[in-house]
Amino acid sequence: MAASKLFSLFSAAPETRNSYNQPDHSEALSLLNHFEESCKGWFWSTDEAGHVKYISDSVAPFLNSAPGKLAGLEFAGLFVPADPNASARERLSFLLCRHSNFEKLVLKAANAQNGRWWEVSGSPQFDGSGQFCGYRGYGVDVTEQLASSEQASQLALYDPLTGLPNRLSMTNSLQSGLAGIDLAGRSCAVILIDLDRFKQVNDSLGHPAGDALLIQVSERLLKIIGDREKVFRLGGDEFQIILPNCDDRDMLAGIADEIIETLTQPYSIDGVRCIIGASIGMVIGPADGRTSDEMMRNGDLALYAAKANGRGCYQFFSGELLEAVETRRVLEEDLRDALAKGQLSLFYQPLVSTKSSCVTGVEALIRWHHPTRGAISPALFIPIAEEADLIGKLGEWILRKACDDAAGWPAEIRVAVNVSPLQFANEGLPQIVLSALANSGLSPGRLELEITEGVFLNESSETDAMFSRLKDLGVRLALDDFGTGYSSLSYLKTAPFDKIKIDQSFVREATHPASRNRAIIAAIVALAGALDMETTAEGVETLDQLDLIKNLGVSHIQGYVYSKAIPSDDLALGLENGEWRIEPSGPAKQRSKRRAMYRKVGAIMGGYYHAALIRNLSETGALIEGLKDVPLGAQMIVDFGEGQLSVGTVRRTGKRQLGIEFSDPLIDDGVGGLRTGNRVAPYTLAKMGLSPSDHLGETRPWSAPGEGSLETVTQTLGLKLHGEPTQTASKFQNLTLMGTGLNLGGRQHRQVTLDEWERLKAAVEASHNPSLKFIIGLVVMTGARLQELLIARWDDINVGTQVWMVPKSNAGEQRRIHLPADAVKLINQLPKWEGCPYLIVNPATKKPYRTFFGSWDAARTKAGLATVSINDIRSSGIKSW
Ligand code: C2E
Ligand code: MG
Ligand code: MG
């Protein structure tokens with residue numbers, strides 16, 4: 001189109017004037033021409049119907065056209081908004097129709113792939129009678145500007161070191177993951193990972209090495225999770241994983257295990273080998289938090305608990321952790337009071353010689369009887385005293401009191417006093433010990449200081465100096481809780497211990513036939529013998545443990561089998577005759593550990609939701625109070641709160657209490673408590689007319705919506721009934737439902753089409769996890785269930801007879817699966833690792849994959865089928881790989 005025409009169109013534009021200050025049209029024309037040719041901007045106009053009257057030739061190629069060919073076309077049809085989420089009001093056609101003035105509308109070509117963006121402005125034109133007669137406007141190329149601002153936002157959202165999305169992205173993802181999940185009945189899990197000992201690598205090898213390590217960590221995490229957008233680096237050595245639609249605690253535990261195992265494998269950095277660890281905290285929304293702030297706070301608490309629990313482990317969030325924070329705060333205040341008001345006392349637990357069966361010494365153990373809370377365990381308040389800087393004062397009081405008491409006992413009886421690592425780090429400790437001995441008149445050889453491996457954490461010349469200063473006083477030193485710390489054995493070479501106390505965790509398991517603890521205890525005894533040290537086994541409770549410990553040659557025993565800690569007066573009574581021989585007494589064998597408690601629960605049975613009370617709890621059963629006239633064999637659903645429900649069968653009836661057995665054993669929560677394997681989503685609870693904390697209320701009539709039977713209720717809640725076949729086990733249900741967006745027991749499977757199957761298959765084949773192919777392949781060819789595949793043993797496949805015996809979760813039972821020829825062919829390709837009993841093996845670590853969730857999730861997402869479950873493939877009749 002001629003520039004002269006353009007000039008006439010824009011005659012309203014400011015005029016240029018010649019040197020005589022007359023308007024100079026030719027100069028203006030050449031300037032406009034020049035501007036158009038520079039390709040920086042262009043002009044346009046339309047008629048009243050919105051058809052192009054004029055458009056600069058320079059823009060035609062970018063609109064997939066040739067100069068002059070655009071006239072007459074609909075102007076709005078040439079462009080689309082650069083932002084695909086632009087609202088109708090931001091669209092060109094809308095504005096043109098309304099004859100609105102618009103400025104800097106960011107548009108790109110509708111039918112060209114050139115990636116150019118323009119800011120387009122336009123104003124409606126009206127003739128002398130006020131009649132609309134079209135638009136005039138211009139466009140400016142802003143491609144470069146937008147690209148660089150996109151780059152900036154990329155930088156703002158991604159960690160430049162690892163390339164992982166950063167904390168800001170994480171907050172965005174978490175917020176969108178949590179948005180509306182309550183109503184939709186979905187869930188969202190967050191795994192927080194903190195590296196252990198990363199600081200040491202940074203300090204000893206330098207920051208570039210630390211950076212290289214972080215990159216390797218991020219690569220290992222990506223390998224496990226398989227999806228770049230789900231793994232975040234929050235900063236420093238903190239990483240996070242967000243798994244939408246995931247609430248299966250068993251599966252999360254599997255992922256956490258795999259992460260810990262993978263991250264603790266050695267790293268090579270510039271040829272230097274280094275090893276770090278990882279601690280993990282996990283939260284599952286919405287039960288554990290409805291906002292990202294809540295989720296992060298609770299995740300941090302869980303992570304903190306995992307670290308406090310010895311690091312290198314994982315911890316799920318629970319309401320108890322939150323309560324613990326509050327309890328701790330209150331206890332700290334009360335402890336200060338208790339010290340001032342003399343509410344603390346010292347008890348003594350006898351240590352018995354295995355040779356003479358006589359008491360040779362005692363351990364002083366602090367006791368606190370709280371005016372309202374009753375007895376509080378030192379395992380709980382000593383760490384509080386340490387953190388609140390009270391341990392120095394408390395420790396000194398204990399030391400003086402123990403020496404004073406012991407001075408009144410027969411001369412052969414020693415007293416052992418626990419010394420916290422913080423006391424040990426105090427330079428003044430030898431002086432305090434000396435003063436306690438001098439004031440009481442106790443001979444130094446009768447005082448034994450019990451020190452835990454914690455003191456070696458900061459091994460330094462001061463540690464060695466403290467040992468020799470204490471030793472110079474003539475006191476004895478015992479290494480307490482041996483085997484639970486983090487240090488190496490090397491300190492035994494130099495630290496002058498007189499005794500090793502074998503931690504009770506070794507004793508507890510030692511009588512189990514499969515336990516290796518016997519061998520460990522025997523090795524400790526041999527080691528102590530070689531170093532001329534005595535041994536004490538802690539926590540001996542049963543007669544069979546006592547027999548075993550004696551046979552292993554341990555020199556002293558401390559445990560309930562002889563006596564609990566007793567007040568000083570009772571001890572003086574026992575020692576009255578100079579020699580105190582105690583007859584061992586206790587259960588013959590260890591039972592599944594029962595925890596005495598007073599815990600309110602709900603019990604659903606007989607058309608009622610009963611408020612009941614658990615008096616003791618073990619992994620397999622509970623003693624429950626508050627239910628009357630319940631026959632043997634009756635089944636009930638026990639509601640522990642927070643979506644933790646389990647089916648119990650009455651096995652014992654008493655006057656007030658019932659003994660029930662759980663159909664699905666509870667699992668250790670890692671901090672001394674028990675919890676159910678899965679939790680029921682709040683949405684499902686609400687659907688069943690239950691709430692996360694019902695049991696705190698009164699007994700009330702309750703029936704399932706639609707008058708469902710116990711079977712349908714348990715099925716909806718994802719619980720297992722007694723004697724029920726494995727396939728309805730809750731773990732399995734959750735596996736198949738995970739990622740479906742639904743967490744209802746009765747989800748109908750949908751048929752996967754052949755086309756979808758081909759896409760899935762291609763994505764599975766392309767997965768970085770080669771085992772995924774075998775897992776999915778075997779599912780479709782044998783109809784094997786997912787849970788079976790995960791627990792199946794490689795040895796149980798017989799390719800000769802084409803039979804695969806798969807274990808059921810009911811102990812000892814097996815299911816027979818026929819292997820078609822194609823399946824045998826596939827199995828023959830499976831990597832076989834010696835000594836690995838599992839079917840599915842991680843080729844990198846040569847260890848069994850405990851989960852392939854991340855890879856499967858990545859594959860189905862890649863195939864555009866994020867909500868398809870493995871059961872959808874199983875029920876689709878596809879039978880070949
Ligand atoms: P510890 O020094 O290892 O003390 C032994 C713990 O094992 C005591 O727990 C004792 O009651 C318990 N125990 C002994 N025999 C058995 C048994 O047969 N079965 C079971 N289940 N437990 C048994 P306690 O008194 O609750 O103390 C726990 C920990 O608190 C102690 O472990 C120690 O680390 C700390 N502690 C206790 N008193 C003091 C103290 O006076 N000062 C300091 N610094 N720490 C203390
Ligand atoms: Mg001790
Ligand atoms: Mg101990």
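This is a predicted model: local features need pLDDT of at least 70, side-chain atom pairs count only at pLDDT 80 or more; totals for chains, interfaces and linings use all residues.
**Entry 1: α8 and α9.** I started with helix α8, residues 207-225, and helix α9, residues 249-263. Their axes lie 10 Å apart, and the packing angle is about 145°. I then looked up the handedness, and α8 passes α9 in a right-handed crossing. On the α8 side, I listed Val217, Arg220, Leu221, Ile224 and Ile225 as the residues that make the contact. Their partners in α9 are Ile255, Glu258, Ile259, Thr262 and Leu263. Sorted by class, this contact has seven nonpolar residues, one polar and two charged.

**Entry 2: α15 and α16.** Next I turned to helix α15 (residues 429-440) and helix α16 (residues 461-472), whose axes come within 10 Å and cross at roughly 15°. Angles under 35 degrees count as roughly parallel, so I noted α15 as roughly parallel to α16. The crossing of α15 past α16 is right-handed. I found Leu429, Pro430 and Val433 of α15 meeting Met466, Arg469 and Leu470 of α16. The classes here are five nonpolar, one charged and no polar residues.

**Entry 3: cavities.** How many cavities of 30 Å³ or more are there? I get ten. What lines the second largest cavity? I wrote down Ser187, Asp247, Ile284, Gly285, Pro286 and Ala287, together with Arg679, Val680, Ala681 and Pro682. That lining divides into six nonpolar, two polar and two charged residues.

Key
Residues are numbered from 1 along each chain as its sequence is written. Chains are lettered from A and ligands numbered from 1 in the order in which they are written. Side-chain values use heavy atoms; hydrogens and water are left out. Axes are lines fitted to C-alpha atoms, for helices over the stretch in contact, and angles run from 0 to 180 degrees between N-to-C directions. Helices (H or I, at least four residues) and strands (E, at least two) are DSSP runs, numbered from the N terminus. Angles under 35 degrees count as roughly parallel, over 145 as roughly antiparallel, 65 to 115 as roughly perpendicular and the rest as oblique. A crossing is left-handed if the near helix is turned anticlockwise from the far one by less than a right angle, and right-handed if clockwise. Contact means heavy atoms within 4.5 Å. Ala, Val, Leu, Ile, Met, Phe, Trp, Tyr, Cys and Pro count as nonpolar, Asp, Glu, Lys and Arg as charged, and the others, Gly among them, as polar. On a 1 Å grid over the protein atoms alone, a cavity is a set of points where a 1.4 Å probe fits but cannot get out, and a pocket is an open set with protein on both sides within 12 Å along at least five of seven lines; lining residues have an atom within 4 Å of a point. Grid points are joined across faces, edges and corners, and a volume is the space filled by probe spheres set on the points.
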